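Colleague: Before I rely on any of the labels attached to this structure, I would like to hear how each of them was reached. Could we go through them one by one, setting each value against its cut-off?

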Amino acid sequence: MKPAPFEYHAPSTVADTLGLLAEHADECKVLAGGQSLVPMLALRLTRFEHLIDLNRVDELFGLSRANGTLTIGAMTRQRAVERDPMVAAATPLLARAVPFIGHTQIRNRGTIGGSIAHADPASELPAVVLALGGELEVASAGGTRRVPAEGFFEGMWTTCMRDDELLVAVHVPVWEGRCGFAFAEVARRSGDFALAGVAAAVELGNDGSVQRVALGLLGMGSTAVRATAAEDALIGRAPAAPELDEVAQLSVADLDPPDDIHATSAYRLRVGAHLVRQALGIALEEAGTGQERET
Amino acid sequence: MSEHAISVTVNGSTRRGRVEARRTLADFLREDCALTGTHLGCEHGVCGACTVLLDGEAARSCLMFAVQADGRDVVTVEGLSPDDGTLSPVQEAFRAEHGLQCGFCTPGFIVTVTALLAENPEPSDAEIREGISGNLCRCTGYQGIINAVRRASGRAVS
């Protein structure tokens, strides 16, 4: 047994979970899929007096689509999202990003909410929800609030959630119209954390110019980040290849990615710009050649 | 610290035990159930040697606590071969294609490949490589393992 001792709680409702969170606040951690938390416990990088297991809270599982939004229960397994045809139809970017998370065995246990709440800057889902303009539904014994993704991630492994709050659902808007999406990342081995990556979404107007665009970068800072300057440079234009090269450079211009044993900061910048160029090309082509997305 | 009474279906039999909350499923299987076919390599979710089937799906038993498996169905490598001691088709293919050398990683590969083929009986080479990417082997160089999966899926092996 490698983790330090802890008290184990297995509530079956969100209400009971929030009660336990209120009671134990800063001495506890919620256990979702465990694919990041359990290694950290095993290596004793962290320890908690109480673990609150969410795996028996049925109301946190499942997917639904209504009013232009895909809602994903926080405990929905990554593998379930990967397999769901509704996700592929409603949010192709999410469907394309999920297979990059770890390996099959990891995604069988790993959850959508767990990955987002863990907020690793090199993980895929924060960049996807940030790019698509998602909202995170957070509950505590005191009530529920919805936080836009751009205000949710505060730093490495840090979100705006208080100790007594629980991520209960992820709301992802369905992009309708002439849209295209691409997800690209570079990792040393399949399933490793990405050195750099990008989640790209574009929507074209009737004249073929860019009406809406989102670029969510991962591995390029202490949180997932939007490349807003590059996005602004694309709006209203029908960019050709040389302009896309410039936009790709612009997307990483203000960034200072980490320097570590896996890659230097300069290398991450080069890879990041290259991936943005690649993803934009794919997303623009898909939007340009695709049919109007069914709504 | 808390202790919990659990009841887990392991390879078709009900196993009851009293476990400390921090006891991993892998330790429960190896030490309380004496099923030492499930191997522990890294114990933090990287190597895949401890892969078991949890309700039919491949999962790392070092990243779960035994208490979480209460009421669930677990199959280990011991549960994949018939009772008469013969090998499963996947095990037979690993033997035929030299899909192992020292054998330490093999239980995890066998369980992973069994789940892969149950979901996708005719994987392409790319799907095979992706499917076993969560298991590490330090001996074979993987080619024998890939050939074994090809053979187990009924394909000709070059």
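Colleague: How many residues of chain A are in contact with chain B, and how many of chain B with chain A?

Modeller: This is a predicted model, and in it 23 residues of chain A are in contact with 26 residues of chain B. A pair counts as a contact if the two C-beta atoms, placed from the backbone, lie within 7 Å. On the side of chain A that touches chain B, β1 (7-9), α2 (37-42) and α6 (104-109) each supply at least two residues, and α6(A) gives the most, with five residues. By class, that side of chain A holds ten nonpolar, nine polar and four charged residues.

Colleague: What makes Asp55(B) exposed, and what makes Asn11(B) partly exposed?

Modeller: The label rests on a count of other C-beta atoms within 10 Å, where 12 or fewer means exposed, 20 or more means buried, and a count in between means partly exposed. Asp55(B) has 12 such neighbours and therefore counts as exposed, whereas Asn11(B) has 19 and therefore counts as partly exposed. Asp55(B) belongs to the loop between β3 (51-54) and β4 (57-60) of chain B, and Asn11(B) to the loop between β1 (3-10) and β2 (13-20) of that chain. Neither residue is a glycine, yet phi is positive in Asp55(B), at about 45°, and in Asn11(B), near 50°.

Colleague: Why is α8(A) called largely enclosed by the rest of the structure?

Modeller: Each residue is set against the cut-off of 20 or more C-beta neighbours within 10 Å, and nine of the nine residues of α8(A) are buried, so the helix is described as largely enclosed. Among the buried residues are Glu124(A), Pro126(A) and Ala131(A). Gly133(A), which follows α8(A), has a positive phi near 80°.

Colleague: Which residues touch the most other members of the largest nonpolar core?

Modeller: They are Ala131(A), Ala200(A) and Ala201(A), in a core of 145 residues. Helix α11 (residues 265-289) of chain A gives the most to this core, with ten residues. Beyond its neighbours within four places in sequence, Ala131(A) is in contact with residues including Leu93(A), Ala200(A), Ala201(A) and Leu215(A).

Colleague: Why are β11 and β14 of chain A said to stand at the edges of their sheet?

Modeller: The open sheet has the order β11-β12-β13-β14 (chain A), with antiparallel pairing. β11 (178-186) and β14 (225-226) of chain A each have a single partner strand, so one side of each lacks a neighbour in the sheet. Two strands pair if there are at least two bridges between them, and β11(A) is joined to β12 (residues 196-204) of chain A by nine. One of the residues concerned is Gly180(A), whose bridge partner in β12(A) is Val202(A). Across β11, β12 and β13 (210-218) of chain A lies α11(A), which runs at about 155° to β11(A).

Conventions
Residues are numbered from 1 along each chain as its sequence is written. Chains are lettered from A and ligands numbered from 1 in the order in which they are written. This is a predicted model: local features need pLDDT of at least 70, side-chain atom pairs count only at pLDDT 80 or more; totals for chains, interfaces and linings use all residues. A nonpolar core is a set of buried Ala, Val, Leu, Ile, Met, Phe, Trp, Tyr and Cys residues joined through C-beta atoms within 7 Å. Helices (H or I, at least four residues) and strands (E, at least two) are DSSP runs, numbered from the N terminus. Ala, Val, Leu, Ile, Met, Phe, Trp, Tyr, Cys and Pro count as nonpolar, Asp, Glu, Lys and Arg as charged, and the others, Gly among them, as polar. Axes are lines fitted to C-alpha atoms, for helices over the stretch in contact, and angles run from 0 to 180 degrees between N-to-C directions.
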